[in-house]
Amino acid sequence: MDLCSLTAISAIDGRYRSQVQHLDEYFSEYALMKYRVLVEVEYLLFLAQKKLFQLPDATTAELHAIKENFSLEDAQQIKAIEKTTNHDVKAVEYFIKERLRAVGEEKALEWVHFGLTSQDINNTAIPLSWKHALEFEYLPSLLNLNREIRLLAKEWKEIPMLARTHGQPASPTRLGKELMVFVERIENAVEQILFIPVSAKFGGATGNFNAHYIAYPKRDWIQLANEFVEDVLGLQRLQFTTQIEHYDNLAASFDAMKRTNNILVDFCRDVWTYISMDYFKQKTREGEVGSSAMPHKVNPIDFENAEGNLGVANALLEHLSAKLPVSRLQRDLTDSTVLRNIGVPMAHMAIAFRSIEKGLGKLVLNSEKIYADLDENWAVVAEAIQTILRREAYPNPYEALKDLTRGKKAITKTTIHQFIDGLEISAALKKELKAISPHNYTGIHPEY
């Protein structure tokens with residue numbers, strides 16, 4: 001069968017294709033060719049700028065056109081060349097040379113890929129595509145999701161809610177504040193991701209500029225490479241490498257993403273639980289079915305979908321971060337095939353982010369249920385009462401409240417107030433204690 005969304009083996013190229021197809025600009029075979037061409041052309045222009053040879057204006061214009069107008073047809077042409085070369089980077093070199101010959105340029109041909117090995121191209125092209133995907137897709141999507149959570153936190157800022165620690169009723173909180181916990185965690189995670197450099201390797205067959213130096217020993221190739229990688233490509237050039245980049249920073253980026261995904265898994269499970277507790281209802285759509293057998297059901301499928309995709313992404317990120325920094329001696333080929341999959345976890349994360357946003361858009365606050373849970377759990381104000389009694393030096397307040405509440409059923413407002421009335425304290429203090437309820441015993445938090 002021909003490849004289409006219904007015959008694709010991977011769900012990201014099948015069922016979810018419409019949600020992630022924009023990522024093919026960074027992670028497809030076409031994208032890899034596009035970024036390889038970009039690096040090769042920029043390097044050729046850089047060498048000419050450094051006066052190693054001269055480029056006529058017409059040739060310079062053609063080179064800019066090659067990298068700026070790279071098309072699917074160009075990629076197909078490179079693929080056709082690769083059938084002969086059986087080497088993907090050499091096919092890119094020959095493609096550029098063919099384009100130069102087409103405009104009558106012969107003198108510059110052997111400056112294409114001068115002194116380089118294929119990994120000088122791969123280990124700049126792939127980090128550059130990764131950097132662009134982070135800046136243009138991943139981080140904007142994650143920050144937008146976090147903004148949606150923050151907006152809900154502001155909307156529900158004043159909603160008191162029974163907290164649960166160990167699954168048991170605990171000191172009340174506010175719904176908005178609980179959402180801000182995740183907002184802060186995601187913000188911190190983003191800061192960690194931004195702190196990690198996107199690094200590259202550029203230094204010849206084994207990282208020592210052997211070919212460059214033997215041809216032009218008076219040139220400062222280390223400085224030239226630093227300038228090219230950092231100023232032209234916008235990456236951080238590693239100074240001591242083998243044939244390949246050591247991928248430690250890329251692995252750190254994967255690990256940081258994995259931790260971010262764990263935060264979002266935690267968020268999805270909390271929201272899922274609040275839905276199961278009936279704290280949230282979900283908006284329905286005409287014609288939508290929640291269960292094939294139970295007509296009443298509205299399942300929290302968006303948060304479940306997100307959790308599943310985040311889990312798949314984490315499994316892949318774990319392998320990538322563990323495998324890529326390990327390579328035999330000056331290089332083996334395992335990094336090459338593994339690197340071709342870095343877009344897969346990115347796609348699963350994109351699906352997850354969109355699913356969470358979709359799920360958030362369906363939430364309808366069920367304040368009646370939230371308030372009812374507070375009314376049914378007056379035992380949680382025992383902490384407040386015993387703390388005030390401690391302030392007043394009342395003897396053994398913790399033990400007194402423990403005897404009243406621990407393991408007892410039906411601790412109500414009446415039960416608590418009867419207990420307060422039985423205390424040998426002033427009328428003013430009794431009034432202060434009776435003013436406490438599960439609805440107002442919610443503490444304080446920073447403004448947001």
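Me: Contact means heavy atoms within 4.5 Å. With that in hand, which residues does Glu137 touch, not counting residues up to four places away in sequence?

Reply: Glu137 touches His22, Leu23, Tyr26 and His132. Before we go on, this is a predicted model: local features need pLDDT of at least 70, side-chain atom pairs count only at pLDDT 80 or more, and totals for chains, interfaces and linings use all residues. Also, residues are numbered from 1 along each chain as its sequence is written, and side-chain values use heavy atoms, leaving out hydrogens and water.

Me: What makes the Glu137 and His22 side chains a polar contact?

Reply: A polar contact is a pair of N or O atoms within 3.5 Å; within protein, one must be able to donate a hydrogen and the other to accept it, and residues adjacent in sequence count only if both atoms are side-chain atoms. The Glu137 and His22 side chains are joined at 3.4 Å, so the pair falls within the cut-off. Glu137 has a polar contact with the side chain of Tyr26 too, at 3.1 Å.

Me: Which helix holds Glu137?

Reply: Glu137 sits in helix α7, and Asp120 has its place in that helix, residues 118-155. Helices here are DSSP runs (H or I, at least four residues), as are strands (E, at least two), numbered from the N terminus.

Me: Why is Asp120 called buried?

Reply: Buried means under 20% relative accessible area, while exposed is over 50% and partly exposed is in between (1.4 Å probe, protein chains only). Asp120 has 0% relative accessibility, so it counts as buried.

Me: What does the Asp120 side chain reach at 2.8 Å?

Reply: The backbone nitrogen of Gly203. Leaving aside residues up to four places away in sequence, Asp120 touches Lys201, Phe202, Gly203 and Gly204.

Me: Zooming out, how many helices and strands are there in the chain?

Reply: You get 19 helices and six strands.

Me: How do you know that the chain is more spread out than a compact globule?

Reply: Compare two values. For 448 residues the rule gives 22 Å, and the chain's radius of gyration is 31 Å, well over that, so the chain is more spread out than a compact globule. Along its principal axes, the C-alpha trace spans about 100 × 55 × 40 Å.

Key: The radius of gyration is taken over C-alpha atoms; the globule rule is 2.2 Å times the number of residues to the power 0.38.
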